[in-house]
Structure formats: structure tokens, C-alpha cells
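Here is a short report on one protein model. It covers fold, surface and one backbone angle.

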Amino acid sequence: MKKATITISFEQEKLKAIQFYMGKNAVSLETELDDFMARLYKKYVPSQTREYIESREETEAQVRSHPSKPVRTAGSVQAEEAE
């Protein structure tokens, strides 16, 4: 699924402190924010909507992993026979 970028404002000194202490614990800010967004998604998006979105993701993944063979049209068959 296509990713979106979120931009937020946060006090610079507090951000530096978070990054410093997360680094000491080998924790990534991006990973923590991803986890937080996943929890928000699960909390606020109805389960039926999540199921629908997940089914679309699975369908897109299957299409990407199994590209279809080129379709031969009548025109392309005639052109090949003429050669």
C-alpha cells in the first residue's frame, strides 16, 4: 500500500531529548511512531473498514507477485503471422 508522510511540530529540545534517550535504548523514533499510528488506526477505524482495506492490500500483493502474461490481441496475432 502506498505510504503517506505526516509532518508535525514538536519542541526541538524535547525531540532531541527523546532521540537521545531512545538511542541509548536502541529504539527507533520512526518505529515507535509507526507502532503508535497502528494503535490509533486500530482504535478509531471500524473493524469492517480495516477488513476491507486489508483484503485490498492482499489482492494488490497477489497481483504484484503474479504479473499476468501479456494479452495477445487479434491484431498482434495477425501481425506475427505476416512476418
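The report starts with the model itself and then turns to details.

This is a predicted model, in which local features need pLDDT of at least 70, side-chain atom pairs count only at pLDDT 80 or more, and totals for chains, interfaces and linings use all residues. Residues are numbered from 1 along each chain as its sequence is written, and side-chain values use heavy atoms, without hydrogens and water.

The protein has four helices and zero strands. Its elements run α-α-α-α from the N terminus on. Helices (H or I, at least four residues) and strands (E, at least two) are DSSP runs, numbered from the N terminus.

Of the 83 residues, 2% count as buried. Buried means under 20% relative accessible area, exposed over 50%, partly exposed in between (1.4 Å probe, protein chains only). The protein exposes about 8100 Å² (Shrake-Rupley method, 1.4 Å probe). Carbon and sulfur atoms supply 56% of that area.

Ile6, Ile8, Phe10, Ile18, Phe36, Met37, Leu40 and Tyr44 make a nonpolar surface patch of about 820 Å². Nonpolar side chains (Val, Leu, Ile, Met, Phe, Trp, Tyr) are joined within 5 Å, like charges within 9 Å. Helix H2 (residues 29-44) gives the most to this patch, with four residues.

| Residue | Location | Relative accessible area |
|---|---|---|
| Tyr44 | helix H2 | 59% |
| Ala26 | loop between helix H1 (12-24) and H2 | 74% |

Ala26 has a positive phi, near 55 degrees, and is a residue other than glycine. Most residues other than glycine have a negative phi.

Technical notes. Patch = residues over 30% accessible without salt bridge, like charges linked within 9 Å, V, L, I, M, F, W, Y side chains within 5 Å. Salt bridge = Lys/Arg side-chain N within 4 Å of Asp/Glu carboxyl O.
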